[in-house]
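Hi,

Here is the model I promised to pass on.

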Amino acid sequence: MKAVCWEGTKKIEVETVPDPKIINPRDAIVKITSTAICGSDLHLYNGYNPTMKPGDILGHEFMGEIVELGSAFKNGNIHNKGKALAVGDRVVVPFTISCGGCFFCNRSLWSLCDNSNPNAWMAEEMMGHSPSGLFGYSHLTGGYAGGQAEYARVPFADVGLFKIPDGLADEQVLFFTDIFPTGYMAAENCDIEPGDTVAIWGCGPVGQFAIRSAFMLGAGRVIAIDRVPERLQMAKDGGAEILNYEEVEVGEALKEMTGGRGPDSVMDAVGMEAHGLGLEGFYDKAKQAVRLETDRPNALRQAIVACRKGGTVSVPGVYTGFVDKMPMGAFMNKGLTMKTGQTHVHRYLQTLLDRVQNGDIDPSFVITHRLMLEQAPQGYEIFNDKQDNCIKIVLKP
Amino acid sequence: MNQPIKVEKTLTINKPAAELYRFWHNFENLPHFMKHLKNVKVYDAKRSHWTTSGPLNVTVEWDAEITEDRENELIAWASVEGADVNNSGFIRFQPNPNGRGTEVKVVTEYKPLGGEIGNAIAKLFGESPKQQLGDDLRRFKMLMETGEIATTEGQPKGHNRS
Ligand SMILES: NC(=O)c1ccc[n+]([C@@H]2O[C@H](COP(=O)([O-])OP(=O)(O)OC[C@H]3O[C@@H](n4cnc5c(N)ncnc54)[C@H](O)[C@@H]3O)[C@@H](O)[C@H]2O)c1
Ligand SMILES: [Zn+2]
Ligand SMILES: [Zn+2]
């Protein structure tokens with residue numbers, strides 16, 4: 001099959017690789033009909049994750065049709081969580097891999113699953129404990145082959161795969177795999193009370209879904225911060241007031257806009273690449289990678305300082321290592337709360353499907369580019385460099 | 001001069017102690033999740049024969065005996081006279097209050113031999129014995145909680161890398 005492979009920093013190749021096979025009893029093989037490039041993929045593209053290996057298949061936002069199921073689906077295996085799946089079902093695939101049977105899955109903390117990361121030891125050395133496995137997202141989170149390909153193997157398919165009813169197009173449901181639930185969970189993590197003002201740093205796809213989700217969850221105002229005009233425009237179309245951080249001093253502007261009090265909650269939908277690394281065992285490799293790109297501005301610090309007293313800081317933006325100069329004094333003395341995590345995708349699927357079926361939102365609004373899988377290298381470049389007003393790319397195998 | 005090497009590791013498994021005890025008690029199940037253990041043959045309620053395989057094609061075998069057995073609580077074993085490598089271990093199952101699974105603690109100990117073969121054998125018991133025990137225990141947990149062991153071995157990669 002054809003697959004999008006990471007061959008090094010800013011080196012993406014579409015290669016012919018062997019088709020995936022069923023390995024474990026609860027696996028499924030999905031023939032992919034749509035897949036997307038995510039802002040998280042850019043961290044890999046830019047070489048910020050030292051646990052990528054040449055030849056790794058990228059992609060964690062994908063959907064398609066089941067073409068094969070493992071033995072657990074045939075023999076009434078007791079560990080099969082009982083979700084009836086059949087060859088031919090049309091499904092979306094959560095980017096987090098979850099077993100359904102551990103302490104964390106039982107508590108709906110799907111992205112913290114104990115049993116899906118075969119390289120848990122690596123994560124434990126760096127972070128004390130390991131999060132769940134993720135598709136196409138480095139060896140730190142399992143080294144699973146991703147879904148920017150024609151086919152993918154999905155472990156714990158009985159827990160992860162989510163069937164899509166007829167009548168919905170791929171583009172309306174593809175983002176259930178990641179960015180829609182990510183924006184939704186990030187908004188939920190803001191603990192929004194009716195009428196609250198939420199400030200969101202980053203108007204990429206995650207920020208866009210966060211803006212719309214914040215309104216769905218009762219926010220009175222959303223203030224969105226970025227510097228890319230078309231992204232700010234899309235935020236505005238979603239009902240947000242906008243700030244260009246290159247044109248205004250964001251902290252002051254937010255105070256001014258909120259009568260001096262500050263936003264009730266703040267969100268970092270940017271993530272911190274350059275300063276986000278520094279893991280002990282991987283320090284030198286990381287440093288090497290880091291030299292290849294400039295730092296991004298520091299959304300998280302700004303957000304903490306801007307947040308009103310007693311407010312909440314929601315962090316969907318991805319961090320991998322250590323962060324310098326956290327304004328801990330502001331955080332502590334203002335009595336703030338921080339909520340974060342890889343998204344517990346499974347938790348939101350039904351809720352979001354209902355939202356789409358009710359007509360509350362059509363997630364395809366965020367798509368600006370539709371390319372063939374073979375055009376992935378070009379896609380990464382366009383998306384990374386924000387060329388051609390690119391906000392979200394869908395690839396067609 | 002060769003000090004015994006002792007490692008221990010604890011994990012919480014989201015299953016009742018009785019279920020974990022029962023699975024482990026049948027030593028023939030151990031090779032499912034212990035990486036270097038090739039085969040265990042149970043002779044009777046007390047005795048079993050263990051075979052490992054590893055670097056340099058070194059195979060190490062021994063007979064083991066259950067030295068203590070408390071139902072749903074603890075199993076201890078030790079190699080008997082004449083073993084290639086003297087070793088012993090125990091596993092303890094301690095239920096957590098409020099249905100929060102079972103704390104499982106494994107302690108193993110072995111007496112290393114010197115020389116090249118000794119080193120190869122040492123590798124069998126783990127380059128880093130602690131990590132190896134940890135990995136084995138984690139695989140036991142995966143098997144108990146999910147019915148399988150998470151892996152990516154055998155999946156496709158670019159440029160036919162394996
Ligand atoms: N928690 C999760 O499970 C999860 C899931 C998906 C994505 N993410 C993360 O969310 C983040 C955003 O993802 P995306 O797909 O929207 O990425 P993206 O790269 O398209 O968007 C990031 C946006 O932030 C803007 N930005 C950069 N610095 C800024 C600053 N200082 N202030 C304000 N805006 C700034 C950029 O211009 C860009 O528009 C990434 O870190 C991604 O890894 C997390
Ligand atoms: Zn993503
Ligand atoms: Zn789990």
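**What lines the ligand site**

Sorted by class, the shell around ligand 1 is made of 14 nonpolar, 11 polar and 4 charged residues (nonpolar means Ala, Val, Leu, Ile, Met, Phe, Trp, Tyr, Cys and Pro; charged means Asp, Glu, Lys and Arg; the others, Gly among them, are polar).

Some housekeeping before the details: this is a predicted model, where local features need pLDDT of at least 70 and side-chain atom pairs count only at pLDDT 80 or more, while totals for chains, interfaces and linings use all residues. Residues are numbered from 1 along each chain as its sequence is written, chains are lettered from A and ligands numbered from 1 in the order in which they are written, and side-chain values use heavy atoms, with hydrogens and water left out.

Back to ligand 1. There are 29 residues around it, and S40(A), D226(A), R231(A), V270(A) and P316(A) come nearest (a residue is near if one of its heavy atoms lies within 4 Å). α1 (39-45), α7 (205-216) and β12 (221-226) of chain A supply at least two shell residues each, and α1(A) gives the largest share, 3 residues (helices are DSSP runs of H or I, at least four residues; strands are runs of E, at least two; both are numbered from the N terminus).

Chain A splits into domain 1 (2-178 + 343-396) and domain 2 (182-340), with bounds from an automatic or database domain assignment. Their C-alpha centres lie 25 Å apart, and each domain puts at least three residues into the shell around ligand 1.

For polar contacts (pairs of N or O atoms within 3.5 Å), an oxygen atom of ligand 1 is 2.9 Å from a side-chain N or O atom of R231(A). Ligand oxygen is also 3.0 Å from a polar backbone atom of G39(A), and 3.0 Å from one of V206(A). The protein covers 98% of the 860 Å² of accessible area that ligand 1 has on its own (Shrake-Rupley, 1.4 Å probe).

**The zinc ions**

Donors here are N, O and S atoms within 2.8 Å of the metal (3.2 Å for Na, K and Ca); water is not among the atoms, so sites may look incomplete.

- Ligand 2 is held by C38(A) (SG), H60(A) (NE2), E61(A) (OE) and D178(A) (OD), at 1.8 to 2.5 Å. C38(A) sits in the loop between β3 (28-37) and α1, and D178(A) in the loop between α5 (170-173) and α6 (179-188), so the pair ties together parts 140 residues apart in sequence.
- Ligand 3 has C99(A), C102(A), C105(A) and C113(A), each through SG, at 2.3 to 2.5 Å. Their spacing along the chain is C-x2-C-x2-C-x7-C.

Cheers

How values were computed
A polar contact is a pair of N or O atoms within 3.5 Å; within protein, one must be able to donate a hydrogen and the other to accept it, and residues adjacent in sequence count only if both atoms are side-chain atoms.
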